[in-house]
Amino acid sequence: MNTQVKQTLPDFRSYPDARGRFGPFGGRYVPETLVAAVDRLEAGVRRFLPDPQFQAELAHELNTWVGRPTPLTRADALSRRWGAQVWLKREDLAHTGAHKINNALGQALLAKRLGAKRVIAETGAGQHGVASAAAAARLGLPCVVYMGEVDVERQAPNVGRMRLMGAEVVSVTGGDRTLRAAIDEAMRDWVADPQGTFYILGSAVGPHPYPYLVRELQSVIGREAREQFMKGAGGLPDVAVACVGGGSNAIGLFYPFVQDAGVKLLGIEAGGRGPGLGENAASLTFGRPGVLHGTYSMLLQDRFGQVQETHSVSAGLDYSGVGPEHAFYQSTGRAVYESALDEEALDALMECARYEGILGAIETAHALAGARRYAQAHPGARMLIGFSGRGDKDMPILQRTVLKEGE
Ligand SMILES: *Cc1c(COP(=O)(O)O)cnc(C)c1O
């Protein structure tokens, strides 16, 4: 399964190419009605992202409003229990409780520069909706968040948070009533007024330039972690581990290490209840290449190419596709992707809560479960784990499952 990483790596930093491709993956598969909007966005990204004034404003907000840099925590108890050296990059301590704010804030700042009158967003777990609502409130932009009906129910606390920060939450009752349907609906809204509306996309997916833009905004995670790990552990990690839904926290952690041949990159997808079609959300592990939401990437589909509905105990990983850069890393052997079952993730979540005093998000728990497995096979490994978010939002599910309340 693992392809050996050669000592001299290809220049992964030269991707995406001018057409927004990561090797064969990525690109821009959008209807005619969206072409002008993505062109305009790409021009804006090219102009403002490298602009020192934009970067200074972003850095200022990240430091004084988001709470960056987030700490790197040495997890002594997990290290002892797993027989490895375990370090956690604490995105759960970022404002609104997950890494998503890095991206939402950056895109909201970009929306302002581009003269947008309102922002829209889609959300699965509700974390990206909350992050977008917060960034929009901070910058004085009206905000509409599309959310699948199923997720509105299972992430009720986040719906309230969005409303309190002034966002309008639209419950999407069509399609699979989760993240995939919410993205469809957000794209429809965007088409209606691509000039006045800025679509804050929540993961490293979608048509070019989104996967690139989101990677650039989330790479702050890996840049900080790299420096903190060198300082704390006296060298680079042997492996960086992150959970993969659309792949934004993972690409943010991985990217600053991508030219470090000695650092293995390990992404953990949602294995759900098992390998059957519809039983998981592990697009890289069980999918095949295809087009979804404007990008060519690995995709869960049946043998007729119909996109599959997914299952995961974690709403934030419950998506049929994955970012094209991950598909590229997998195809080149630069990164390895595995999956963790619902049950394994919940077990790892409890272990971390009980012995480290840190209640992680169920998404994050997948990274912990994958990391624990890696440690068993690689005693003494120096491990950097992307701790993508906190678990408060998951209390209703945790009460029903691991705490067995109301039975
Ligand atoms: C949304 C979310 C994820 C999954 O999204 P990615 O784009 O794959 O990072 C992971 N962890 C948390 C806490 C989330 O909220």
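A: The centres of domain 1 and domain 2, taken over C-alpha atoms, are 22 Å apart. This is a predicted model, in which local features need pLDDT of at least 70 and side-chain atom pairs count only at pLDDT 80 or more, while totals for chains, interfaces and linings use all residues. Residues are numbered from 1 along each chain as its sequence is written, and side-chain values use heavy atoms, without hydrogens and water.

Domain 1 covers 22-63 + 100-214 and domain 2 covers 68-97 + 219-401; these bounds come from an automatic or database domain assignment. Where the two meet, domain 1 contributes 40 residues and domain 2 contributes 42 residues to the contact (heavy atoms within 4.5 Å).

The largest nonpolar core has 62 residues, and Leu41, Leu110, Val119, Met162, Trp190, Phe198 and Tyr199 touch the most other members. Such a core is a set of buried Ala, Val, Leu, Ile, Met, Phe, Trp, Tyr and Cys residues joined through side-chain atoms within 4.5 Å; buried means under 20% relative accessible area with a 1.4 Å probe, protein chains only. At least three residues of this core come from each of domain 1 and domain 2. Leaving aside residues up to four places away in sequence, the contacts of Met162 include Thr123, Val130, Met147 and Val169. A second, separate core has 35 residues, among them Phe25, Ala242, Leu253 and Ala261.

Helix α9 (residues 210-218) is largely enclosed by the rest of the structure, because seven of its nine residues are buried. Arg215 and Gln218 are among the buried residues, as are Tyr210 and Leu217. Helices (H or I, at least four residues) and strands (E, at least two) are DSSP runs, numbered from the N terminus.

Next comes the sheet. It is open and mixed, with six strands in the order β3-β4-β14-β9-β10-β13; two strands pair if DSSP finds at least two bridges between them. β3 (72-74) and β13 (335-341) are the edge strands, each pairing on one side only. Strand β10 (residues 264-272) runs parallel to β13 over seven bridges, and Leu266 has Val336 of β13 as its bridge partner. Helix α10 (residues 220-233) packs on this sheet, touching β3, β4 (85-90) and β14 (382-387), and its direction makes about 145° with that of β4. Axes are lines fitted to C-alpha atoms, for helices over the stretch in contact, and angles run from 0 to 180 degrees between N-to-C directions.

Key: Buried < 20%, exposed > 50% of the residue type's maximum accessible area, 1.4 Å probe, protein only.
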